[in-house]
Structure formats: C-alpha cells, structure tokens
Amino acid sequence: MRSAEKPPLIWLNVSLFLISFVFAVIVTPWYGYHYGYSIEHWVWLIVAFSFCNLSITAGYHRLWSHKAYQAHPFLRYVFAIGGAFALQNSALHWSSDHRVHHKHVDNNDKDPYSAKRGFWFSHIGWMLRNYNQDTYSDYTNCRDLQKDSVVMWQHKHYLLLAFLTNLGFPLLLGVIYGDIWGMLLVVGALRLVLSHHTTFFINSLAHIWGSQPYTDKNTARDNGVLAFFTFGEGYHNYHHIFENDYRNGIYWWQYDPTKWMIKSFQWLGLAEKLRETPYLKIEQAKAKQALKQAMARIEHNPEKLMLKQSLQHEFDLMMKKLNDFYSLKKQLVEQKKSSLVEKYERSLLLMRYQEMKAEFKSQQKSWNAILTHC
Ligand SMILES: [Zn+2]
Ligand SMILES: [Zn+2]
C-alpha cells in the first residue's frame, strides 16, 4: 500500500494554477461585463492558444519526445518559444517525463501521471506535489535532446522566456489596442488556463474516455472529441502503440491538424524524415484487437458460441491475405526502383498485385461482416 504521507506541496505550481484559474473564470468575465471585449481580444486568444498548443503537440510531443520527424532550427526556436508560452516546463523536462510515461504507462510507481491513480492525479494532481523529487532533474533518458542546442537554450532561459511570452506579449497587445487589463486577462490568463487544461486532458481523459481499436494493453483511448480540442492528440490509443509515428489520427477523416501542419512544413522544407508506421503493422494490430474484443463478447453471450470457430477462421484468412497483399506491394515498390526488370515481368507482378488486392478487399469485407454479428 502507498504510504499515507503525501510529498510536500509545490507552492509555486499550486498558486500558479489557482491564480490563473480564478482570473480566467471570475475576473475575465467580470471585466468583460463592465468594460467589454472586442474582436481583437478573441482573435488574439485563438492565435495565442493555437500557438501554445501546437508548439506542445508538434514540438514538445511529436518532435522532441518521440523523434517522429526532424525539424529546421527555425522551427525548433518557434516551438521552444511557444512551449515556454504554454508554461509546461522546458522541452527537456517535459520530454523526459513523457518518455517515462510511455515506457511505464499505467505503472503507479513509475509513470509520472499514471491514469490508474485517477482522473485528478493524472490531470493536474501529479504537478501539485513533489512526487518525483529524487528524479526531478534526471535527464538520462533524453541524452539526444541534450545535444540539441535549441532545447538546451530554452532549458537555460526558460523562466525568462516564460515571463516574456506570458506577461510581455499580452502587455504589448494591450498597449497596441489600448486595453492592457483586457489583453492580460484574455490572452494572458484565459488563454493559459484553456491551453493548460486541454493539454492535461490527454493525460487524464484520453486514458479514460474513448475506444481501444489497436490495443488494450494500456488505458489509452481514441477519442475524436478530445482530438478536436487538442489539435489531433485525442487518437491516443493509436499513439501509445505506435508512438514514433508523426501522425496520431492516421485516416484522412480524422481531425489531426498537428499532422497536417508537420506535413506542410515538409513541403516548405522545414521538416524532414517524417516517420510512419507501415500499414501492415497497423492492420495487424487492428485485426488482433478486433478478434480479442469479439471473442470477449462471444464469451458473454452463449447464443453466439457457435460463431467462435468461424470468427477464428476469418481472422486467420484475414491475416494471410493481409500479409500476401503487403508483401506483394513491397515487391512492386522495390521493382519500380530497379531499372533492370523486364517490362513483361513488371506487368506480371502488377497483375498479381491487382488480384491480391481484390482478394484482400473481399476478405476484409467478410471479416467486417462477421465482426458485426459477434
Ligand atoms: Zn498517454
Ligand atoms: Zn506520446
């Protein structure tokens, strides 16, 4: 059992979260009621909120914690400034915590924001007390980041950057638009609280609420609603199984603006080496998880027990067709690169590929059909 004595409170964090929250939910509406806000306040709120959150998702998370792609120094400086604006500690510290979270996910003793310790703890509680006092400055799991001059520059000047962005920037807007208090409240406090809690939802709600299409080995969930508020990070079940993928929402219809932004940076020459999980692996994980969930449903429903054998049969077929299709696809890609292949050979392979594709698609249909009956 966990010791009854809790570690001491971190008063800086407690007061920061509390004061910004009170300003955002009480003082900001009160000020608006008496003096009013104009369109500039709301536009700058959205701009600053997006800048903060995208710096966390594309910078702190996918670039630095997971090395899902490589970014030009200019971009890294932008993310470093945006990350300090988001006030979530330095990129080095954040990434170190996050790598431990992935390595020991749901382990109450090791995962710094283990979802198994409840909503409050994983959302914000873990930052209110000195739970990790022994390992706080241990960055041995981020030696690669310690070689990144932008990461180290931000780590060294974090406090100054945090002050300049969080107070200096709203203040500057206040001077420009002639409403210092209004801008401090909306772009300062309200933006900070919105940015904090939407990011924190990934550690709390995205481990509680949603579906598990890829794995149930950990608590992470896929949730489109959360993806909307977190610039695409809501596809957390996918993310925990394939953490080095630069995408979290892999399908075109999934809302993942962080992915779209990284892809756009690639077109602009600011990002390269974007990592993607091979589709074969994704499909295999999905089919295995679907089989597991369907088997569990069958176990709970004796009327459906006779489906068990055909389900397993369809799954085996699905795996076979999947492997055949993707290995042929691979051969085709390799052949395209080689100039030595005869035209005749090429068209033969293409024909087999088309055949296999049709077989795979039809197997996928019967697999989905049996899943709906289980
Ligand atoms: Zn997680
Ligand atoms: Zn992650």
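This is a predicted model: local features need pLDDT of at least 70, side-chain atom pairs count only at pLDDT 80 or more; totals for chains, interfaces and linings use all residues.
Residues are numbered from 1 along each chain as its sequence is written, and chains are lettered from A, with ligands numbered from 1, in the order in which they are written.

**Overall fold**

- The chain holds 14 helices and two strands, where helices (H or I, at least four residues) and strands (E, at least two) are DSSP runs numbered from the N terminus.
- The C-alpha trace of the chain spans about 70 × 55 × 45 Å along its principal axes.
- Of the 374 residues in the chain, 36% are buried; a residue is buried if 20 or more other C-beta atoms lie within 10 Å of its own, exposed if 12 or fewer, and partly exposed in between, with C-beta atoms placed from the backbone.
- Among the contacts in the chain with a separation of 6 or more, 67% are between residues 24 or more positions apart, a contact being a pair of residues whose C-beta atoms, placed from the backbone, lie within 7 Å.

**Annotated spans**

- An unreviewed UniProt entry gives the annotation "transmembrane region" for residues 9-30, 42-60 and 158-177; UniProt positions are in the numbering used here, feature names are shortened, and annotations may be inferred rather than shown by experiment.
- Residues 9-30 are 91% helix and 0% strand, with their end C-alpha atoms 30 Å apart, whereas residues 42-60 are 100% helix and 0% strand, with end C-alpha atoms 26 Å apart.
- UniProt, again in an unreviewed entry, lists "domain: Fatty acid desaturase" for residues 44-263, a span that is 59% helix and 1% strand and whose end C-alpha atoms lie 25 Å apart.

**Nonpolar cores**

- The largest nonpolar core has 44 residues, of which C52, L63, Y69 and A91 touch the most other members; such a core is a set of buried Ala, Val, Leu, Ile, Met, Phe, Trp, Tyr and Cys residues joined through C-beta atoms within 7 Å.
- At least two residues of this core come from each of α2 (39-65), α3 (73-85), α4 (91-103), α6 (149-156), α7 (158-177) and α8 (180-203), and α2 gives the most, with 10 residues.
- Leaving aside residues up to four places away in sequence, L63 touches A58, A68, Y69, A71 and F79.
- Another core, of 14 residues, lies apart from the largest one and has F200, A206, A227 and Y238 among its members.

**V186 in α8**

- V186, which lies in helix α8, is buried, because 25 other C-beta atoms lie within 10 Å.
- The C-alpha atoms of V186 and H41 are separated by 6.5 Å although the two residues are 145 residues apart along the chain.
- Not counting residues up to four places away in sequence, V186 touches T28, Y37, H41, L45 and R191.

**Positive phi angles**

- K67, in the loop between α2 and β1 (70-71), has a positive phi of about 55° although it is not a glycine, and K67 is partly exposed, with 16 other C-beta atoms within 10 Å.
- L87, in the loop between α3 and α4, is also not a glycine and has a positive phi near 50°; with 17 C-beta neighbours inside 10 Å, L87 counts as partly exposed.

**Helix α11**

- In helix α11 (residues 257-267) the buried residues are T258, K259 and I262.
- Seen down the axis of α11, these buried residues fall within an arc of 100°, so they line one face of the helix, the arc being that of the directions from the helix axis to the C-beta atoms.
- The exposed residues S264 and W267 are carried on the face of α11 turned away from its buried side, while α2 and β2 (271-272) are included in what covers the buried residues of α11.

**Packing of α12 and α13**

- Helices α12 (residues 279-299) and α13 (residues 307-337) pack at an angle of about 180° with their axes 11 Å apart; axes are lines fitted to C-alpha atoms, for helices over the stretch in contact, and angles run from 0 to 180 degrees between N-to-C directions.
- That angle makes α12 roughly antiparallel to α13, since angles over 145 degrees count as roughly antiparallel, under 35 as roughly parallel, 65 to 115 as roughly perpendicular and the rest as oblique.
- Residues making the contact include Y279, E283 and A287 of α12 and L311, F315 and L322 of α13.

Terms used:
Two residues are in contact if their C-beta atoms, placed from the backbone, lie within 7 Å.
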